[in-house]
Amino acid sequence: MTEPQVTIVVSPRERFSYTRESLESIYEHTKTPFHLIYVDGGSPPKIKNYLAAQAREKNFQLVRTEHYLSPNHARNLGLAQVNTKYVVFIDNDVVVTPGWLDKLIECAESTNATIVSPLICQHLPLHEIVHCAGGESGVRVEAKDGNIRRRMIEKIYMQGRKVADVRPKLRRSETGLAEFHCMMVRTDIFAQVGMLDEQLLNTKEHVDFCILVNEAGGSIYLEPDSIVTYVPSSSLSWADTTFYMLRWSDAWELASLHRLRDKWNLTEDDYFKNKYKKLGWRRYMSIIQPLSADLSFGQRGRVRRMVTDTLISIDKRLNRYITTRYAQKHLPPKQQPVLQVQQRQMAVASRN
């Protein structure tokens, strides 16, 4: 067999319950030789046992921790084991299509791209709605009234459009943004930019990485002939809920946004203020709203609002407890003070 050029690193995104569908799609639709490293951060027993059995059967490397992992921490655990020309980072809720990897490799070989992104779709039915068809990332410097402002550039192309409508117009092309749902990276770039930033605990890791690659003189390409779909959950299983709450915790998001701001010396403008106001929106949509509807027994109006407000209050307290306990047990010392400051700030806010 031809020695693989690519190592696929699979890591947890926000849940574990789509593990089987995602992994089976990779083996069904990937004919070119590849190595696979599966990073399993604290999955429940059923998934843990499934992955152990699959690792033995398919002979891939399984990296298991008994606690949850932030996305970049998980990716770095896999990346540290990679010795191939390319590495593919892919989340554990992504389904691929036939030939997806061949097309990514063809693009990288013909363009010398540092990063290649497939056409990333979202939701079920599979491969029908665009999530990301490239985009823009960077830092824009503006001078106004004698003040210098540094603003974050983050733009995703064609999100929400139907694949059938846009696919005929898309061509392999250079772009400014790729997402960690799925991206292929030329491994030698990490000698220039270092490992992925683990102080970005849950958001904007892809923006940070794309900026670093661009500043290092690398390039990012979109390869629309490679199509994958990430499948967010419409409802969480109980086994996924604790991980989801940590993954999208207020503390992790605040720490990540502050890290991004300080790292790139960004002005704390409306971009950040809007992010601060929306802390916890994923938990609200995926946990609080469905639970509120169940506990309200179909009633709306005042009853529903009272139940929702109660659940929001419980969520905030529980979220602080989960993140504080996790920080004390599992985060390195350099990250603990940041999170503890955020916990204090949120505790004060919740009393006001």
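## A buried cysteine

Let's start with Cys182: its relative accessibility is 0%, so this residue counts as buried (under 20% relative accessible area; exposed is over 50%, and partly exposed lies in between, with a 1.4 Å probe and protein chains only). Keep in mind that this is a predicted model, where local features need pLDDT of at least 70, side-chain atom pairs count only at pLDDT 80 or more, and totals for chains, interfaces and linings use all residues. Residues are numbered from 1 along each chain as its sequence is written, and side-chain values use heavy atoms, leaving out hydrogens and water.

Cys182 is in no disulfide, as the nearest cysteine sulfur, in Cys132, is 11 Å away.

Cys210 is buried too, at 0% relative accessible area. The closest cysteine sulfur to that of Cys210 belongs to Cys132, but at 8.7 Å that's too far for a bond.

## A strand hairpin

Helices (H or I, at least four residues) and strands (E, at least two) are DSSP runs numbered from the N terminus, and two strands pair if DSSP finds at least two bridges between them. Strand 8 (residues 135-144) pairs with strand 9 (residues 147-156) in the antiparallel sense, over 10 bridges. Glu142 has Arg149 in strand 9 as its bridge partner.

Two residues sit between the strands of this hairpin, and Asp145 takes a positive phi near 55°.

## Ala255 in helix 9

Ala255 belongs to helix 9 (residues 250-263) and is buried, with a relative accessible area of 4%. Thr203 is 52 residues apart from Ala255 along the chain, and their C-alpha atoms are separated by 9.5 Å.

Methods:
A disulfide is a pair of cysteine sulfur atoms within 2.5 Å.
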